[in-house]
Amino acid sequence: QLENVGFIGLGNMGSHMARNLITAGYKVTVHDINENSMKKFSEDGIPTKQSPLEVSESSDVIITMLPSSTHVLEVYNGPNGLLCRGERLGPWLYIDSSTVDPQTSRKISTAISRCLLKEKKGYAESPKILDAPVSGGVPAAEAGKLTFMVGGLEEAYLAAKPLLQAMGEKTIYCGGAGNGSAAKICNNMAMAISMLGVSEAFALGQNLGIKATTLTDIFNCSSARCWSSDTYNPVPGVMEGVPSSRNYSGGFTSKLMAKDLDLAMASASGVGFKCPMGSNALEIYRKLCEDGCELKDFSCAFRHYYSGKNE
Ligand code: NAD
């Protein structure tokens with residue numbers, strides 16, 4: 001039974017995910033290097049621990065939700081990290097929901113498969129790991145409506161499914177270790193490129209005298225329809241409740257988009273594959289960050305074109 005959950009990384013996403021697990025009845029113990037994030041949990045009577053190792057001592061399953069590969073490797077391999085005791089681990093299952101490159105997920109998976117369980121607890125002898133990054137952003141994390149893309153052994157995926165369903169609406173099994181991470185960075189690369197495509201087309205349309213609202217109506221019943229045009233429109237005033245209508249605040253930052261594109265490009269070069277559109281998109285998002293938009297939603301790329309900076 002996966003009843004005792006150790007949750008590491010209580011940021012914008014992780015804090016909501018951990019709360020949803022608690023609401024679903026799991027016994028959750030948390031850790032974060034930020035004391036303030038932990039305090040919010042300890043004030044509600046949720047056990048907090050000072051290191052990943054301490055969390056692992058009282059958990060059947062560990063979930064990590066950390067900023068990047070470096071942080072994930074530190075939590076697994078660092079001093080007082082999840083694997084610092086070497087061969088014999090307590091938890092049976094490890095789930096990394098951070099967005100990282102597939103190589104990092106596979107590296108950790110290899111390290112874990114060399115370890116053994118302290119006690120068998122009725123499971124197979126070696127602990128399992130899943131890479132299970134998410135799509136949906138902070139509102140979906142809060143509402144328990146995330147989509148999980150999961151890589152690792154299918155047996156582990158099936159065991160983890162009820163846990164993932166306490167935090168999300170959809171879980172999709174993607175195949176072996178690293179495939180969840182691969183799916184996530186491919187999704188985000190396509191999203192980055194389509195947002196730029198839609199933004200560029202809207203900017204051109206406005207320069208040619210077509211109103212963005214008219215062009216949106218046309219796109220949304222024509223072949224250019226996509227998430228960036230019908231759900232997350234980048235032009236201020238076209239849709240309510242999206243970042244473009246609140247000066248590109250909230251949402252998914254340009255900095256995170258640049259990070260995800262970086263992962264995609266590094267992974268592509270790792271397998272000798274060229275992604276010209278992806279690398280162009282990365283350059284644009286890096287430039288947006290340098291221009292002071294790193295904490296603005298990534299749809300602010302529209303403003304980058306509309307303000308004439310691309311002349
Ligand atoms: P965040 O920066 O808000 O939270 C990360 C948390 O990890 C912080 O509380 C930080 O203190 C903690 N942390 C960092 N290093 C640590 C360590 N060594 N030990 C323990 N805790 C540590 O990030 P977030 O927005 O919650 O995103 C988390 C992950 O989810 C990222 O990989 C991100 O790309 C991905 N993601 C984010 C969104 C989004 O909209 N924010 C959407 C989908 C996926």
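In which sense do strand β1 and β2 pair, and over how many bridges? The views below start there. This is a predicted model, where local features need pLDDT of at least 70, side-chain atom pairs count only at pLDDT 80 or more, and totals for chains, interfaces and linings use all residues. Residues are numbered from 1 along each chain as its sequence is written.

**View 1. Strands β1 and β2 side by side.** Strand β1 (residues 4–8) pairs with β2 in the parallel sense, over 5 bridges. Strands (E, at least two residues) and helices (H or I, at least four) are DSSP runs numbered from the N terminus, and two strands pair if DSSP finds at least two bridges between them. Look for Val5, which sits opposite Val28 in β2.

**View 2. Helix α12 and its buried face.** Buried here means 20 or more other C-beta atoms within 10 Å of a residue's own, exposed means 12 or fewer, and partly exposed is in between, with C-beta atoms placed from the backbone. In α12 (residues 276–293), the buried residues include Gly278, Leu282 and Tyr285. Seen down the helix axis, the buried residues of α12 fall within an arc of 165° (taken from the directions from the axis to the C-beta atoms), so they line one face. Turned away from that side are the exposed Pro276, Glu283 and Glu290.

**View 3. Strand β2 on the inside.** Of the 5 residues of β2 (residues 27–31), 4 are buried, so the strand is largely enclosed by the rest of the structure.

**View 4. Helices around the ligand.** α4 (69–77) and α6 (137–143) each supply at least two residues of the shell around the ligand. α4 gives the most, with 3 residues.
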